[in-house]
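Colleague: I would like to go through a model feature by feature and learn how each one is read. Could you start with the sequence and coordinates on screen?

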Amino acid sequence: MKWKIEDAILFENSDFFVINKPSGISTLDERKDTFAPNILRLAKAYSDDAQVGHRLDKETSGALVIAKHPEAYRHISMQFEHRETAKRYHAVVEGMHDWDGMLVNLPILPLKDGIVVIDRAKGKHAETWFQTLQVFKHFTLVECMPITGRMHQIRIHLACLKAPIVADALYGGQDIYLSDLKKKFNLKKETEELPLIRRVALHAHSLSFNLLDGSPITVEAPYPKDFAVLVKQLEKFS
């Protein structure tokens, strides 16, 4: 089944539409694979003058706003630039953490190979707030509110808190298996157990911004199947 952008629309008016982006599709063209489908190309097929208002990592799912015309694009771009939008992500992280407004303020420096590091001398200012939503056995569901919009910001900041995101191999996150949670687990002979989620467990859960007439809007993106299954299994076996 081919994924269609119109099937993922959560909100739409004459200026903007917000989609629930699936994992595995880049927001913009990939340097390595210019023929792979991306959100911008699919958005332009749906609405000729479409421009994406911000970016989500290829593996990250969730709320992404797209402007339908140049004026709308300028309007949303200025809001992101002046930090007048609010993005709330949900992540499943390793360890049991009790955070109530935990602020990480550590500067980020991108390296050439597509990863980032914390660099107090050369890095750019980066701030993220973290809030515990649910504690499970050995894992935590966390809400992440980035104030700045640096590449891999949430991922590196959580790694700095010794709470890497599940399945985020780039920043120290391990895969999670049902056998890790379930005491009695029998795998059928000659079958290999697959992880509960096969990508970084990060989802852009909601996005708040102002429409062209100045009225505020918050759009929530439901969990995709893989993220929902992961949370459900953690609840069941904790």
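Colleague: What kind of contact joins the side chains of His90 and Tyr223?

Modeller: A polar contact is a pair of N or O atoms within 3.5 Å; within protein, one must be able to donate a hydrogen and the other to accept it, and residues adjacent in sequence count only if both atoms are side-chain atoms. Here the side chains of His90 and Tyr223 make one at 2.6 Å. This is a predicted model, where local features need pLDDT of at least 70 and side-chain atom pairs count only at pLDDT 80 or more, while totals for chains, interfaces and linings use all residues. Residues are numbered from 1 along each chain as its sequence is written, and side-chain values use heavy atoms, with hydrogens and water left out.

Colleague: Where is the place of His90, and is His90 buried or exposed?

Modeller: His90 sits in strand β5; helices (H or I, at least four residues) and strands (E, at least two) are DSSP runs, numbered from the N terminus. Buried means under 20% relative accessible area, exposed over 50%, and partly exposed in between (1.4 Å probe, protein chains only). His90 is buried because its relative accessibility is 6%. Not counting residues up to four places away in sequence, His90 touches (heavy atoms within 4.5 Å) Leu133, Leu141, Glu143, His203, His205 and Phe227, among others.

Colleague: Which residues of helix α1 are buried?

Modeller: In α1, residues 39–46, the buried ones are Ile39, Leu40 and Ala43. They lie on the same side of α1 because they cover an arc of only 95 degrees around the axis (taken from the directions from the helix axis to the C-beta atoms). An α-helix has 3.6 residues a turn, so residues three or four places apart point the same way. The buried residues of α1 pack against β2 (16–21), β3 (51–52) and β4 (61–67). Asn38 caps the N-terminal end of α1, with a side-chain oxygen 3.1 Å from the backbone nitrogen of Leu40.

Colleague: What does Ile76 touch?

Modeller: Ile76, in helix α2, touches Phe16, Gly53, Val65, Ala67 and Phe209, not counting residues up to four places away in sequence. Ile76 counts as buried because its relative accessible area is 0%. The C-alpha atoms of Ile76 and Leu212 are 8.6 Å apart, although 136 residues separate the two along the chain.

Colleague: And Thr60: buried or exposed?

Modeller: Thr60 is buried, at a relative accessible area of 3%, although Thr60 is found in the loop between β3 and β4. Its contacts, again not counting residues up to four places away in sequence, include Lys21, Tyr89, Arg199 and His203.

Colleague: Which value of phi does Arg83 have?

Modeller: Most residues other than glycine have a negative phi. Arg83 has a positive phi of about 55 degrees although it is not a glycine. Arg83 belongs to the loop between α2 and β5 and is partly exposed at 44%. His138, in the loop between β9 (127–135) and β10, also has a positive phi, near 75 degrees. His138 is partly exposed, with 48% relative accessibility.
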